[in-house]
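Open the model in your viewer and keep the selection tool at hand. This tour goes stop by stop.

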Amino acid sequence: MSDAVVKSADRALVVLEFVAERSAATFSEIADGLALPRSSAHGLLNTLASSGWLVFDPATKLYSLGLRAWQVGQRYEGHRDIVAAAQPRMDALAAQLGETVQLARLDGLENVYIAISDSPNPMRLASSVGMRLPSYATGIGKALLSMLDPADAGHRLRAIERRAYTAHTVTGADELLAVLGAARAQRFAVDDEEFTEGCRCVAVPLTRMDAAGLYTAMSVTMPTFRTTEAWPRDVLGPLRDTAAAIQDSLGIAAP
């Protein structure tokens, strides 16, 4: 019985993550995407909807996250202090540079965005709080991975399939470890069209709290055509100043 309970709980969590990543999904998309038997998928989705974790729209036939998911999420305080200290300073940096500023934390081998200050320009990066991206292919992700022990980073990288998102994506484990070593030495990392064509990012580590497993980094992301010959150095100075101001307000040292 205990094995069945654990399996059901695991399936429910996987469904919630699947819907969250897509904002909304149909029954077929969920069942097929997660390879769930349709008979049990019906019961599982009905249970999640009736308990408020999902909402079903009969007009569009779409499932989306329900109020219960939001309520539970609001109780999570693991990075609340960091976001509270960072957000106004990120807003100021976005206004100063005219580009999108992002704050993310490391979760396994993904960077999860926990705060975003959008660029005032109409052409800008489309991202949202809660979005998860592969850390090896993003500037902010590589800044996060650079804070790990190299052996730990290597173990994580070799445990996954590393796909190329663009022609510039670095996928080799040894090559990535060398990139992380350089990022560790220079205290910043870049993404030069490695995740999205026409998009560049420079990022710096922000906090490293080993006891809590809380690693965060901050980045400035912009269209390649708006970068100058001085990139990333022209953006790096203001980014580092902002990171230092956040660290001072939190009473912590740079990682």
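**Stop 1: the largest core.** Remember throughout that this is a predicted model. Select Met90, Val101, Leu103, Val202, Met218, Val220 and Leu239. These residues have the most contacts inside the largest nonpolar core, which has 25 residues. Now colour the elements that give two or more residues to this core: α5 (80-97), β4 (100-107), β5 (110-117), β8 (199-209), β9 (214-223) and α9 (233-250). Of these, α5 gives the most, with 7 residues. In soluble globular proteins, nonpolar side chains tend to be buried together.

**Stop 2: Met90.** Zoom in on this residue. What is Met90 in contact with, leaving aside its neighbours within four places in sequence? The list is Val101, Gln102, Leu103, Ala115, Ile116, Ser117, Met218 and Thr242.

**Stop 3: strand β5.** Show β5 with its side chains. Why is β5 described as largely enclosed by the rest of the structure? Because 7 of its 8 residues are buried.

β4 and β5 run antiparallel and are joined by 7 bridges. Look for Arg105, which stands opposite Val112 in β5. The hairpin of these two strands has 2 residues between them, and Gly108 takes a positive phi near 70 degrees there.

β5 and β6 pair in the antiparallel sense over 3 bridges. Here Val112 stands opposite Arg132 in β6.

**Stop 4: aromatic rings.** The structure holds 3 aromatic pairs. Select Phe56 and Tyr63. Their ring centres are 4.7 Å apart and their planes are at 40 degrees, so the pair is tilted. Phe56 is partly exposed, with a relative accessible area of 36%. Tyr63 counts as buried, at 7% relative accessibility.

Move to Tyr136 and Tyr165. This pair is tilted too, at 6.4 Å centre to centre and 45 degrees between the planes. Tyr136 lies in the loop between β6 and α6 (139-145), and Tyr165 in the loop between α7 (150-158) and α8 (173-186), so the pair ties together parts 29 residues apart in sequence. Tyr136 counts as buried, at 2% relative accessibility; Tyr165 is partly exposed, with a relative accessible area of 27%.

**Last stop: a charge over a ring.** Select Phe18 and Arg22. Arg22 lies over the face of Phe18, at 3.6 Å from the ring centre.

Key: Residues are numbered from 1 along each chain as its sequence is written. This is a predicted model: local features need pLDDT of at least 70, side-chain atom pairs count only at pLDDT 80 or more; totals for chains, interfaces and linings use all residues. Side-chain values use heavy atoms; hydrogens and water are left out. A nonpolar core is a set of buried Ala, Val, Leu, Ile, Met, Phe, Trp, Tyr and Cys residues joined through side-chain atoms within 4.5 Å. Buried means under 20% relative accessible area, exposed over 50%, partly exposed in between (1.4 Å probe, protein chains only). Helices (H or I, at least four residues) and strands (E, at least two) are DSSP runs, numbered from the N terminus. Contact means heavy atoms within 4.5 Å. Two strands pair if DSSP finds at least two bridges between them. Rings of Phe, Tyr and Trp (its six-membered ring) pair if their centres lie within 6.5 Å; planes under 30 degrees apart count as stacked, over 60 as edge-to-face and the rest as tilted. A charge sits over a ring if NZ of Lys or CZ of Arg is within 6 Å of the ring centre and within 35 degrees of the ring normal.
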